[in-house]
Amino acid sequence: MEFKKDQKLLFIGDSITDCDRAKPEGEGLFGALGNGYVSFVNAFLTSTYSELGIRVVNKGISGNKVRDLKERWQEDVIDQQPDWLSIMIGINDVWRQYDVPFIKDKHVYIDEYEETLRNLVEKTKPMVEGLVLMTPYYLESNKEDRMRQTMDQYGSVVKKIAEETDCIFIDTQAVFHNVLEKIYPAALAWDRVHPNDAGHLLLARAFLNKVGFDWNKE
């Protein structure tokens, strides 16, 4: 297990991370962590590694793009002083190019995406013990689909940044791939973006595998 006793683990991203978490502070009781993968990660850590006392914080905000993260980075990341940080952003950066194609000021094209994400990572990496980068995804098994192709390009940017900055990398598109070979995408997400419990559990499991979670630990 990568985490040490009493460390703070902060997740930041868009609606996939948000999942109706408490505002402004996404931690504590009564579903404060939301109902998605962040909550599942917390549940597994609390139940299996309770001796570590890991503090999990959810700073996802629905609808966010990477430029939104940049605007709130100081308050929602730096000021929080996390020991570990996980970033998953990019779905809306791509999606807006397809669902509102004529409102171009809502689009975040790949050059801006890479520059902004890289700057955030490079600025923050020295301040934390560990940083996890998770790719955006689109639950479409047809790799020739235009939005899927664009999402894969943004995912490749995340991989490149992770490799160049020595971050833990999670290919969420690959995480969903095996399941999408067996079931239709709507069985995981009605809009191919916002996953149900099964989809969120896949994300949580992928995250935990990357940080050395022991599934046989009692």
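Which residues in α4 meet which residues in α6? The answer comes below, once the setting is clear. The model is a predicted one, so local features need pLDDT of at least 70 and side-chain atom pairs count only at pLDDT 80 or more, while totals for chains, interfaces and linings use all residues. Residues are numbered from 1 along each chain as its sequence is written, and side-chain values use heavy atoms, with hydrogens and water left out.

According to the UniProt record, an unreviewed entry, residues 11-200 carry the annotation "domain: SGNH hydrolase-type esterase"; positions there follow the numbering used here, feature names are shortened, and annotations may be inferred rather than shown by experiment. That span is 44% helix and 11% strand, and its end C-alpha atoms lie 14 Å apart.

Five strands make an open sheet in the order β2-β1-β3-β4-β5, with parallel pairing; two strands pair if DSSP finds at least two bridges between them. At the edges sit β2 (55-58) and β5 (168-170), each pairing on one side only. On average, neighbouring strands of this sheet are turned by 15° against each other, direction ignored. Axes are lines fitted to C-alpha atoms, for helices over the stretch in contact, and angles run from 0 to 180 degrees between N-to-C directions.

Helix α3 (residues 66-76) touches β1 and β3, and its direction makes about 160° with that of β1. Helix α8 (residues 197-210) lies across β1, β3, β4 (130-134) and β5, running at about 155° to β5. Contact here means heavy atoms within 4.5 Å.

Now for the helix pairs, and back to the opening question. In α4, I91, D93, V94, W95, Q97 and Y98 meet R146, M147, T150, M151 and Y154 in α6. By class, the residues of this contact divide into seven nonpolar, two polar and two charged; Ala, Val, Leu, Ile, Met, Phe, Trp, Tyr, Cys and Pro count as nonpolar, Asp, Glu, Lys and Arg as charged, and the others, Gly among them, as polar. The axes of α4 (residues 91-99) and α6 (residues 146-165) come within 10 Å and cross at roughly 150°. The two helices are therefore roughly antiparallel to each other, given that angles over 145 degrees count as roughly antiparallel, under 35 as roughly parallel, 65 to 115 as roughly perpendicular and the rest as oblique. Their crossing is right-handed; a crossing is right-handed if the near helix is turned clockwise from the far one by less than a right angle, and left-handed if anticlockwise.

A second pair brings α3 together with α5 (residues 110-124): their axes come within 9 Å and cross at roughly 30°. So α3 and α5 are roughly parallel to each other, and α3 passes α5 in a left-handed crossing. Here V66, R67, L69, K70 and W73 in α3 meet E112, Y113, T116, L117, L120, K123 and T124 in α5, a set with six nonpolar, two polar and four charged residues.

The crossing of α7 past α8 is right-handed. T172, V175, F176 and V179 in α7 meet G199, L202, L203 and A206 in α8, which gives six nonpolar, two polar and no charged residues.

Finally, a look at the backbone. Most residues other than glycine have a negative phi, and most peptide bonds are trans. D20, though not a glycine, has a positive phi of about 65°, and K23 and P24 are joined by a cis peptide bond with omega about 0°. D20 lies in the loop between α1 and α2, and P24 has its place in the loop between α1 (15-18) and α2 (37-48).

How values were computed: Helices (H or I, at least four residues) and strands (E, at least two) are DSSP runs, numbered from the N terminus.
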